[in-house]
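Trainee: Could you show me how to read a structure like this one, feature by feature? I'd like the general idea first and then the case in hand.

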Amino acid sequence: MTKRRNRNRSRSRRRILPRPRVMLGVLLIGLFVGVLVVQAYINAEFRGDHIESEVGDQAGVPAAIRGGGPIINTTGGQESSNRLPSKTIALTFDDGPDPTWTPKVLDVLRENDAHGTFFVVGSEVARHPELTERITAQGNEVGLHTFTHPNLQRIASWRRDLELSQTQVAIARAANVHTNLARFPYSSKPQAIDEVNWKIIKEAGAHGYLVVVNDQDSHDWQRPGVERIVQNATPPGDSGAVVLFHDAGGDRAQTVAALKVFIPMMKARGYTFTTVTEGMNLAIAQQEKESITPVPLLPVNPEAEATDRWRGSALLWTVRVADGMVWVIAGLFLVVGSLTIGRTLLLLVLATRHARQRRKKNFSWGPPVTEPVSVIVPAYNEKEGIEAAVRSLAGGDHPEIEVVVVDDGSTDGTADIVEKLRLPNVRVIRVPNGGKANALNTGIALAKHDIVVTVDGDTVFEPDSIRMLVQPFASPAVGAVAGNVKVGNRENIVSAWQHIEYVIGFNLDRRLYEVLNCMPTVPGAIGAFRRTALAEVGGISDETLAEDTDVTMALCRAGWRVVYEERAKAWTEAPATLEQLYRQRYRWSYGTMQAMWKHRGALTDTGDSGRFGRVGLPFLALFGVALPMLAPVVDIMLLYGIVFWELEATVVAWLSMLALQLFTAAVAFRFDKESLRPLWRLPLQQFAYRQLMYLVLIQSAMTAMTGARLRWHKLHRAGLTGVESVPAARIPVLPQQSVAPPVDTWPPSRDNQRGPAHPAAGRATARPPVPTQSPKDRLLTPPDGVLPPEDLPSAGSPPGGGSGPGYPHGVRGVSGRS
C-alpha cells in the first residue's frame, strides 16, 4: 500500500512540476521581456514622463524658499536656502555625460582653469562611466539628475526614490564618489516652486539631498545663438549665480562656443568660477563670521561606500546587457528583413520561372508513363478516413494500380474496413506495430511494381492524381516526385490557416527547390519513388521522426533528381485544434532538424552529395529553420515600437512587411489556382498562428540541444468531409475474384510460430536495402524460397549506421543516368 501511494505521489509531482524544457523556455522568455522593459526604462520611453507642468498653488511653500537662493536645504527637517557669494559663478551642466559634447565642455573648462558641477543622468553614467570619472578627475563635481530624466511630478514616490538611488550607485561605480546634490528635470528657479514640487524637495531632503535649481538659465537647449546664450547666462551686477547649461540632449556646439566667450569675459569682470558645493561652503564661511554656532562644511566628491560600488556594478552590467540586447534585436530585425526580402525575390523569380515552364504548351517530361504503380498506405488507427482514401486510390485513372494497405497494428479495425471493401486491386498486410518507417518498408518490399507511391491513411486522391504524379519518371534522372498537398478540412480557423500555409509555405517553396535541384522533402501524403532509387539509399529510415525528409535528402545526396508535380493533388486532413497542430508541427520541425543533422556530412562531401550539402542544407537551415526562429523579432519590434517608440513609423514598417507577405501569398494562390478569399485571414495569422509556430521551433531546437527523445504523436482524425472521393460504382468489383489474403508478417507466417528475432517484430534492427521485384532478382531466390536474414525487409536505416545515403561519396551524377 505504501509503495503504491508513493508511486501515485511521484506521478502527481511529475504532473504538477513543469518539464525542464518548459521551465527553461519560460525563464528565457521572462529574461528577454525583462531586459526589454529595462531598456525601455533606462531610455525614459514610458509615455507621459516628458510633459512639463505649469506652476501650481504656492500657498504651502515658505516665502523664504520662494524668495531665497537656488541651493535648498530640507535635510534634518530644516527649511532653508543659500545663495552664492557675490562675484561667484557655479557653472552647472545637465543631462550628461555625452560622449560627444561632455569632453568638449571639459576641455573648455580646463583651458580656462574653471570648474563646474555636472548633474548627470544615471543611465548615461552607466553607459559612459569613463566620462564620469574624467569629470571628477579634473576637479569638477557631480550631482544627481535622476536615472531616466522623468518629470518627477508624474511618477510615484517609490520611483522618485529609485531614480535618485540608482543614479547614486551608478556614480559610485563609475567615479567612486558620493554626492549630496540633486537637481530635478524641468526644474526652474526658486520663484517657480509650487506645493507639488515642495513636497518632492522635502522627500529628497529626507534622504539627505540638497536640491539645486538655478539663478540664470542660458536657454542653450533652444540654440538661440552664442551671443544670446552669453547674455542669458550673465548675472545682473556683481551678484553670484548658479548658471544652467547643458552638455547633452542634442547639438551643443553653441554651448561650447558660448563657454569660450562667457568664462574669460566674467573672469575679466572679477568673477570666480567654482562648483556648487564649494560656492555653498564660501557662503557658509561668510555666515560663520556673523554667527556664534559653527556650521560644518560639505565635502566635494566624498568617497563612495563599498556597498554602493557593488550595487553600481550590477546596475552597469544590467544597462550594458539591456543595451546589447536591443542592438542584437535591431540587428536581427535587419537580418530577418533582408532574409524575408531575399526569399521573396527568390520565390518570385524562380517560382515564376518554374510556373511559366510548366505552362508551356510543348512542356513534357517525356513519353507518357503507363507502367503499373504500387501504392503503399501505412495505416495506424485510420478508421475515420481509410475507406475514402482507399477508394480514391483504387479508382484512379492510371492504367494499372496496386494498393497495398499496411496495417501497423491498428486497434480500431482499420484493416477490417479495407477488407470489407473487397476491391480487386487492394490487399491488406497486417504487421505488429513498429512505426511508419517499418510499415512503409514492408509495403515496398511486398509491392509488385517498380514505381511506388506512398500515401498517408487520411489522404484522398483525385482520379488523375496517380497518373499525373508518375509522369516525371519519363526522365531516367528522376528518382522521386513530390505531389501537391491540399487541406481538405477548411471549416475552422485553425485548418484555414494551415490551408494558407500549405499553399505559400510548402507548394510555392517546392517550385523554388526544384529549380535549385535541392528538394528537401517529398511529402508523406503524396509522393512517388523509383524502387531502384530507394534501394540505393537503403529504404525508408526510422532514425528520424521526419522519414520523408530523411529519405528525400538521401536521394538528393545519391544524385537522384527530385521534382514537384503540382497537377497531382491530394486532399489531407489537417489538425483541427491548436493542440493537435502543435503536436504535429513539433514532430515535423524536430524531425527535420534530426534529418539535417544526420546528413550534415554532405557539407564536406564531393559530387552530388556535396552539391546538396552546400546548396540544399544551407538553404533549408537559413529559410526553413533560422528565418522562422528569428521572425519573432518582427512582432517584438512591433509591440516594443508601439509602446515605447514612434507609433506611426512602427506601424508603417510592419504594414510594409505585411503587404510584402500578402503579395507573395497572392502569387502562390494564383499559381495553385486557389481562391484569394482565404487571404483575409493572413493578418490575423501573423498574430496568432505564427506565434504558435515560433514556440514549436524554439521547443524543437531546445529538445534537439538537450538530446531528449520525442515520441510519435498520433493525431485525432475525424475524416474528410466535402472532398469529392471516387464513388464505389466507378471501381469494378469482380465477384469471382477475392481480396488478397491478409499477411501479418513478412515472409507470411500466419500459421507459424514467430521467433523473438523476427524482423517485423517491433522496430527492426536489420538494415538491408529494399529488395526489388524484378525477374532477375526472383531467379536469385534460394530454391527453398527462404531469404537469408540480411535480405529481409525491415524498418531499418541506411547501411553503415545511418550516416547518410548508401553511397555518399563518388556516386553517379544525374547526367550518368540513362
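Trainee: Where is the place of Asn381?

Mentor: Start with the elements: helices (H or I, at least four residues) and strands (E, at least two) are DSSP runs, numbered from the N terminus. Asn381 falls in the loop between β11 and α13 (386-394). Keep in mind that this is a predicted model, where local features need pLDDT of at least 70, side-chain atom pairs count only at pLDDT 80 or more, and totals for chains, interfaces and linings use all residues. Residues are numbered from 1 along each chain as its sequence is written, and side-chain values use heavy atoms, with hydrogens and water left out.

Trainee: What is phi of Asn381 near?

Mentor: Phi of Asn381 is near 55 degrees, a positive value in a residue other than glycine. Lys87 is another non-glycine residue with a positive phi, about 55 degrees, and its place is in the loop between β2 (80-82) and β3.

Trainee: Does Asn381 count as buried or exposed?

Mentor: The scale is relative accessible area: under 20% is buried, over 50% exposed, and in between partly exposed (1.4 Å probe, protein chains only). Asn381 has 17% relative accessibility and therefore counts as buried. Lys87 is at 30%, so it counts as partly exposed. For an exposed case, take Arg670 in helix α23 (residues 647-671): its relative accessibility is 62%, which puts it in the exposed class. Over the whole chain of 818 residues, 53% count as buried.

Trainee: Now the strands. In which sense do β12 and β13 pair?

Mentor: Two strands pair if DSSP finds at least two bridges between them. Strand β12 (residues 401-408) and β13 have 6 bridges and pair in the parallel sense; for example, Asp407 has Arg430 of β13 as its bridge partner. Strand β13 (residues 426-431) is mostly covered, with 5 of its 6 residues buried.

Trainee: What unit do β12, helix α14 and β13 make?

Mentor: A crossover is called right-handed if, with the strands pointing away from the viewer, the path from the first strand over the helix to the second runs clockwise. Here β12, helix α14 (residues 414-421) and β13 form a right-handed β-α-β unit.

Trainee: Which residues of strand β14 point one way, and which the other way?

Mentor: In a regular strand the side chains alternate between the two faces of the sheet. In β14 (residues 451-454), Ile451 and Val453 point one way, Val452 and Thr454 the other way, and all are buried. Strand β11 (residues 373-379) runs parallel to β14 and is joined to it by 4 bridges, with Val375 opposite Val453. With β17, the pairing of β14 is antiparallel, again over 4 bridges, and Ile451 stands opposite Arg530.

Trainee: What is Thr454 in contact with, leaving aside neighbours within four places in sequence?

Mentor: Contact means heavy atoms within 4.5 Å. The contacts of Thr454 beyond those neighbours include Ile376, Leu440, Ala525 and Phe529. Thr454 is buried, given its relative accessible area of 7%. Ala525 and Val377 are 148 residues apart in sequence, yet their C-alpha atoms are 9.5 Å apart in space.

Trainee: Last one: at roughly what angle do the axes of helix α4 and helix α6 cross?

Mentor: Two packed helices are described by the angle between their axes and the distance between the axes. The axes are lines fitted to C-alpha atoms, for helices over the stretch in contact, with angles from 0 to 180 degrees between N-to-C directions. Helix α4 (residues 101-111) and helix α6 (residues 129-137) have axes that come within 11 Å and cross at roughly 10 degrees. Angles under 35 degrees count as roughly parallel, over 145 as roughly antiparallel, 65 to 115 as roughly perpendicular and the rest as oblique; α4 and α6 are therefore roughly parallel. Thr102, Pro103, Leu106, Asp107 and Arg110 of α4 make the contact with Leu131, Arg134 and Ile135 of α6. By class, that contact has 4 nonpolar, 1 polar and 3 charged residues (Ala, Val, Leu, Ile, Met, Phe, Trp, Tyr, Cys and Pro count as nonpolar, Asp, Glu, Lys and Arg as charged, and the others, Gly among them, as polar).
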